[in-house]
Amino acid sequence: MGTSYQIKTLEQYHEHYRRSIQDPEGFWGEIAEHFIWKRKWDKVLDWNFKEPKINWFINGKLNITENCIDRHLEKLGDKPAIIWEPNNPEERTRVVTYSRLHKRVCQFGQMLINNGVKKGDRVCIYMGMVPELAYAILGCARIGAIHSVIFGGFSAQSIADRLYDAQAEFIITCDGAYRGGKDIPLKSIIDDALIGNRTVKRVIVYSRTRTPVSMLKGRDV
């Protein structure tokens, strides 16, 4: 967003809030001008609360990751987008610049396409708190896949329920994750969750803890 929407005082906040209530189309239309659009909208807002039916930015098209990343490359390319600190103080802190984030997200999106993921496909993400989790989420958004992030503490049954509910065909996970001093065996929990599953075509595994895992030929990569 442009500096016009960096709210610096409470007074300014009240003023902007009032305007957003009195003239939502004008207010949000102005904010949307700061975004990169592939196609501009025909109408900001179409709503009725009776049905209820609410549509924003009708016929507008954008790629949300271009707005998160690409538009910052020129000025902020070498600046940190993510600063990741590990749980273990002996492990290195990772600083991911906008340029590097852009490269990784594009690579990740291409990797998803190479593994058969298409626009509208559901991808479940079950990972530890590592920068690769952000690459996965943004990579899905980049190619128009729908991601569902599953909390790393969930049991196999909870994961199975969510996979079924989303009709997910793809999973992105890690061999394991560290929580405090504990090593959580994410991949083996996924294996348990997939017993009897008929929708998942591919499980993509990121090596994090170097925990030995079983890899099912044709499904796991």
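This is a predicted model: local features need pLDDT of at least 70, side-chain atom pairs count only at pLDDT 80 or more; totals for chains, interfaces and linings use all residues.
**Aromatic residues**

W56 and F57 form a tilted aromatic pair, in which the ring centres lie 6.0 Å from each other and the planes make an angle of 35 degrees. F57 also pairs with W37, again in a tilted arrangement, at 5.5 Å centre to centre and with 45 degrees between the planes. This second pair joins distant parts of the chain, since W37 sits in the loop between α2 (24-32) and β1 (43-48) while F57 belongs to strand β2 (residues 53-58), 20 residues apart. Ring pairs link W37 and W41 with W56 and F57 into a cluster, and the count of aromatic pairs comes to eight.

| Residue | Relative accessibility | Class |
|---|---|---|
| W37 | 18% | buried |
| F57 | 19% | buried |

Because the limit for a buried residue is under 20% relative accessible area, F57 counts as buried at 19%, and W37 counts as buried at 18%.

**Backbone features**

F57 has a further feature in its backbone, for its phi is near 50 degrees, a positive value in a residue other than glycine, and this residue is placed in strand β2. R210 likewise has a positive phi, near 60 degrees, and is also a residue other than glycine. R210 is found in the segment after β10 (202-206), and at 67% relative accessibility R210 counts as exposed. Another backbone feature concerns the peptide bond from E51 to P52, which is cis, with omega near -10 degrees; P52 itself lies in the loop between β1 and β2.

**A pair of packed helices**

Two packed helices are described by the angle between their axes and the distance between the axes. Helix α7 (residues 156-166) packs with helix α8 (residues 186-193) at an angle of about 60 degrees, and their axes are 8 Å apart. The two helices, α7 and α8, are therefore oblique to each other, and their crossing is right-handed. On the side of α7 the residues in contact are A156, I159 and A160, which meet I189, I190, D192 and A193 in α8. Sorted by class, this contact of α7 with α8 has six nonpolar residues, no polar residues and one charged residue.

Notes
Residues are numbered from 1 along each chain as its sequence is written. Side-chain values use heavy atoms; hydrogens and water are left out. Axes are lines fitted to C-alpha atoms, for helices over the stretch in contact, and angles run from 0 to 180 degrees between N-to-C directions. Helices (H or I, at least four residues) and strands (E, at least two) are DSSP runs, numbered from the N terminus. Angles under 35 degrees count as roughly parallel, over 145 as roughly antiparallel, 65 to 115 as roughly perpendicular and the rest as oblique. A crossing is left-handed if the near helix is turned anticlockwise from the far one by less than a right angle, and right-handed if clockwise. Contact means heavy atoms within 4.5 Å. Ala, Val, Leu, Ile, Met, Phe, Trp, Tyr, Cys and Pro count as nonpolar, Asp, Glu, Lys and Arg as charged, and the others, Gly among them, as polar. Rings of Phe, Tyr and Trp (its six-membered ring) pair if their centres lie within 6.5 Å; planes under 30 degrees apart count as stacked, over 60 as edge-to-face and the rest as tilted. Buried means under 20% relative accessible area, exposed over 50%, partly exposed in between (1.4 Å probe, protein chains only).
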